[in-house]
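Open the model in your viewer and keep the selection tool at hand. The stops below say what to select next and what is there.

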Amino acid sequence: MTSLPADQLAPILAFLASQSTLSLATVDDSGHPQAAPLFYVSNDALNLYWLSSPTSRHSVNLATQPRVAVTIYPAVWAWADIRGLQVEGSAHSVIDAAERERILTLYRAKFALPPAFDAQITASTLYRLTPTWIRWLDNSVRFGYKLEIHF
């Protein structure tokens, strides 16, 4: 967990709650990059969670190369509206049943998925990105505003 002051942490947590999709960057065993958009949820420790098929390209990459990068940002057209997160860390599957159930409760609350998705959710692997570095960008504060968090 970061020791970031509440006034700096609050806008980041609010931003994470207001967005739906992250772009996950992984690399394969040969060093070739790959990016994938994924629905996510987060917690107050700034961990990011997503569901994915264990056979998807990025999941296969994570099995041997857990270091990842993520970006989260809304689509905007004006420079003053640019804001978002750049995140680096390591991603691993969640194997603890209680943690998985807590996160799936958050996931189902955030995304109104029809019951037909229940089987897919059950078959999916839940991943957790534990950040080692985060950069918050917010041009509404001022052009080029950045706040870096090191864990």
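Buried means under 20% relative accessible area, exposed over 50%, and partly exposed in between, with a 1.4 Å probe and protein chains only. This is a predicted model, in which local features need pLDDT of at least 70 and side-chain atom pairs count only at pLDDT 80 or more, while totals for chains, interfaces and linings use all residues. Residues are numbered from 1 along each chain as its sequence is written, and side-chain values use heavy atoms, with hydrogens and water left out.

Select Arg100, in helix α3 (residues 97–110); helices are DSSP runs of H or I with at least four residues, strands are runs of E with at least two, and both are numbered from the N terminus. Arg100 is buried but has no salt bridge, that is, a side-chain nitrogen of Lys or Arg within 4 Å of a carboxyl oxygen of Asp or Glu. Glu101 is the nearest side chain of opposite charge, 6.0 Å away; Lys and Arg count as positive, Asp and Glu as negative, and His and the chain ends are not counted. Leaving aside residues up to four places away in sequence, Arg100 touches residues including Leu51, Val94 and Ile121, where contact means heavy atoms within 4.5 Å.

Next, select helix α2 (residues 57–64), where His58, Ser59, Asn61 and Leu62 are buried. These residues fall within an arc of 160 degrees seen down the axis of α2, so they line one face of the helix; the arc is that of the directions from the helix axis to the C-beta atoms. Arg57 and Ala63, on the other side of α2, are exposed.

Last, select Phe143, in the loop between β7 and β8 (146–150). Phe143 counts as exposed because its relative accessibility is 64%.
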